[in-house]
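I opened this notebook to record what I looked up in the structure shown below.

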Amino acid sequence: MFADWPLLSLVIWTPIIGGLIVLFVGDRMPEASRRLSLSIAVLTFLLSLPLFVLFDRSTHEMQFVEWVPWISTFDIHYHLGVDGISMPLILLTTFTTMLVVLAAWEVIQYRVSQYMASFLILAGLMNGVFSAMDAVLFYVFFEAMLIPMFLVIGIWGGPNRIYATLKFFLYTFFGSVFLLIALIYLYTQAGSFAILDFHHTPLGMTAQTLIFLAMLLAFAVKIPMFPVHTWLPDAHVEAPTGGSVILAAIMLKIGGYGFLRFSLPITPDAAMALDWLMITLSLIAVVYVGLVALMQKDMKKLIAYSSIAHMGFVTLGFFLAFMIYNNTGNWQGAGLGISGGMVQMVSHGLISAAMFLSVGVLYDRMHSRQIADYGGVANTMPWFAAFFVLFAMANTGLPGTSGFVGEFMVILAAFRADFWIALLAATTLILAAAYTLWLVKRVVYGEVANDHVAQLQDLNRREFWILGVLAFAVLLLGVWPAPLLDVLDATVENLVRHIAVSKL
Amino acid sequence: MTFEIPDFVPVIPELFLLGMACAILLADLFIPQARRDITYGLAQFTLLGTFLLTVILASPEARFTFSDSFVADPMSDLLKSMVLLVSAAVFLYSRPYLQSRDLHKGEFYVLGLFGVLGMLIMISAHSLLTLYLGLELLSLCLYALVAFNRDSPVASESAMKYFVLGSIASGMLLYGMSLLYGITGTLDIAGVTQGVVAAAAGSADHSVALVFALAFVVVGLGFKLGAVPFHMWLPDVYHGAPTPVTLFIGAAPKIAAFAIAMRLLVDGLGPLHGDWQGMLLILAVLSLAVGNVVAIAQTNIKRMFAYSTIAHVGFIVMGLMSGIEAGYAAAMFYVIVYAITSAGGFGMILLLSRKGFEADAIEDFKGLNDRSPWFAFVMLLLMFSMAGVPPTVGFYAKLAILQSVVQVELVWLAVFAVLMSVIGAFYYLRVVKYMYFDKPADTAPLPQGTGINVVLSINGLLVIGLGIFPGLLMALTTAAR
């Protein structure tokens, strides 16, 4: 029955329009806006499920396509569609939004409806980013996303929130304007704004290199890659829990998605010529930022740096393909790194969301994120400790959790490319274990550190369910990644076939 | 010699406006101060009537009259409609402000109406003389309006500045025109084009004289548009004039200035595109840089808007400079969007102000979200539109301009423009920061039920509505070229 519904429009506009309704319900009835928001979030999630169920796994073509003229003067269309790399991310978005709305239930007391509305609208815009097949439409969603996030960090954030949110906005805005110029240039070359037309537009090497670098600026800031990552720790530390979760779980993934949708297929030759740069930056993110994470005193900052390191793994996986080809001489198997990166993105979405929500649970009770203020939490919050340890293990890439699958695939791909890259990449297993487990040791285990910790209450039912659902998802993806890999297969294979052909 | 009766049909809107303005001028003498709202109502009726006449008489063909010195074409129909609508909104925003400060006099509306008439004539000018007459009619009304609050020394000072600098600019323009007349022997704009082609093909002396004339014309236009380095008057006049007058100056006259730039440079001196492209390029680059960077340092929101206007003019000039039809259409789209957005921005200042409190410091917007979530949201939309962040309409305006610039292979200029926009985003965000992230310093309730609330809301919704469906307005501007 869902096959002929405009499902993509529904997952985009249900939360946006729902968010506006919540906004108009206003702050006078906080309880009503909470319930309404949750219903809208759940409805959106349910609407996104048919995308997964009805998805045709045998083709790389765009599915659930919608195509309506929008701005005819410039030949811009309201063109939606998903393939194997965007569909899982839409599911991740709708799923996470549900949890974020739930997680804010009692915690947010100031301007409830504006808070909820921001996240609902944000969810719709992010779904739009993942399903837009027209470059201008993509850019509109891509930029519009900044507005609600800017407000979320600025209104509900910590003491230094204004600095953090301005930095966040200006960094990302700075990166994305170059993307805009690149897209306009591509329009003059391709004669349309359709992303799929861009994929087949022949471009000279200079043009490719410049476009690649322009897009790199936009997406590298989003991911974020070393050295433009400095906004992320600030934004994460100051953002409210929900903001951190969405930022880490989805918004960072948009950078990675951008590489797969734009950079690689549009400028394959430039990507091949510059893969050393991407691999170097990724390895720096993995090793150096991993070391930085080790030294953090603030829990959220530590997880933020850990996110950068894990996203370094994603970009590493994406750009290994060319090196694998040079090494082995064929394009078979070059897709392993790309698939690995995608799995890592989804898995990191779940794990980082879980980690930030766990820190949120502690913060709501103690109003401190300093590791030094905690110790022996396991004594007073056994359930919480169980979940937290599980997520920490997943973060280090323990087999059986989702964190393992992606990392394993990327490291395997790295071995096909070059031994030394694989060796450096594999240090993440040690570094991640070091900073995460050390965090667990200092916060969860040991003697009860102080009176505040002694008075902590364990998870309430709401928190239990949120973390429980996430734990289930993390384990499920860890022991049975096949459904996700099946979805990715045809698309990644086609992508590899596409980048194998020079566009010069 | 026979006297031909000119075709009056194309000028019916202007004649109606002229007649009504004279009638209001007389009628106002007999209206007691307590019933001043009658004048206001008549003025609004005049604007809306002129708007309706313009729309009814609009046609896709160009209609010439008065020996070809006046033209009504799709561009003039569109721009006139916009001028009239924006001016009606301006009158509406202004009334409560004027009433609360004992400034609610008939002259405001009469001068405003004559100014609007000047703009309509500028837009429809098809001869150098008509163009100049329209420009002077507008300018004289504006000088008087700036000094409207005659007890305010600041306003008088800025009126003086405006008058002196505006006269110099008019002089420049007139001198350039006289040179053109000398070279081509005609005042008719189509004739000027032919004359210019002939002169440029002729002797070298003539081409030097042409470039000389061109330089003066560009300087004059630069003054009127407020492009750097001819922008000096703008911040002082914006700051010094009473807020309703700033609103009036800031919104519609930019549309008219754009129109004369189109008539003079594109239509009249089109064959010299190679020469004026470089001049406009310099104006655009400087305007973008100075406007955006200096706006950061402002604490007065009217001054901030002044510098932001300069930056927007940079974008408009970029569209003109590109020299392609798409670029002209983009610049027209931009100027219309700018007028709508800036009317909303000044409208917000008027909404927040009351007797003894001008609300013209950026800090006066502190905590607006706590005082009125809806108007904070409207201002948020206006600010993001000015910054060019989608899904507001300001984004499409910038997109269209950038596209035409990339099309003529000036990618570096597009990159420069977006970099400046990033700088610009900072000061717009600062306003949002005050509204949403700070606690209110001023807790007086906002005025209720003055009609300004409704129109301001519509204005804000227009910014997002046109942002979601920009196709229609874009198609209009493209058709108008």
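I first noted the rule for burial: a residue is buried if 20 or more other C-beta atoms lie within 10 Å of its own, exposed if 12 or fewer, and partly exposed in between. I also noted that this is a predicted model.

Entry on the strands. I looked up strand S2 (residues 76-82) of chain A and found that six of its seven residues are buried. I then asked how S2(A) runs relative to strand S1 (residues 63-71) of chain A. The two strands run antiparallel and are joined by six bridges. In this pairing, A:Pro69 stands opposite A:His77 of S2(A). I recorded S1(A) and S2(A) as a hairpin with four residues between them.

Entry on phi angles. Most residues other than glycine have a negative phi. I found that A:Asp75, in the turn of the hairpin, has a positive phi of about 60 degrees. Is A:Asp75 buried or partly exposed? A:Asp75 counts as partly exposed because it has 15 C-beta neighbours inside 10 Å. I also looked up A:His367, whose phi is positive at about 55 degrees although it is not a glycine. A:His367 lies in the loop between helix H16 (335-366) and helix H17 (377-380) of chain A. With 9 C-beta neighbours inside 10 Å, A:His367 counts as exposed.

Entry on peptide bonds. Most peptide bonds are trans. I noted a cis bond from A:Ile223 to A:Pro224, with omega near -20 degrees. A:Pro224 lies in the loop between helix H9 (205-222) and helix H10 (231-238) of chain A. I located B:Pro391 in the loop between helix H16 (373-387) and helix H17 (393-407) of chain B.

Conventions: Residues numbered from 1 in each chain as written. Chains lettered and ligands numbered in written order. Predicted model: local features only at pLDDT ≥ 70, side-chain atom pairs only at ≥ 80, totals over all residues. Pairing = 2+ DSSP bridges.
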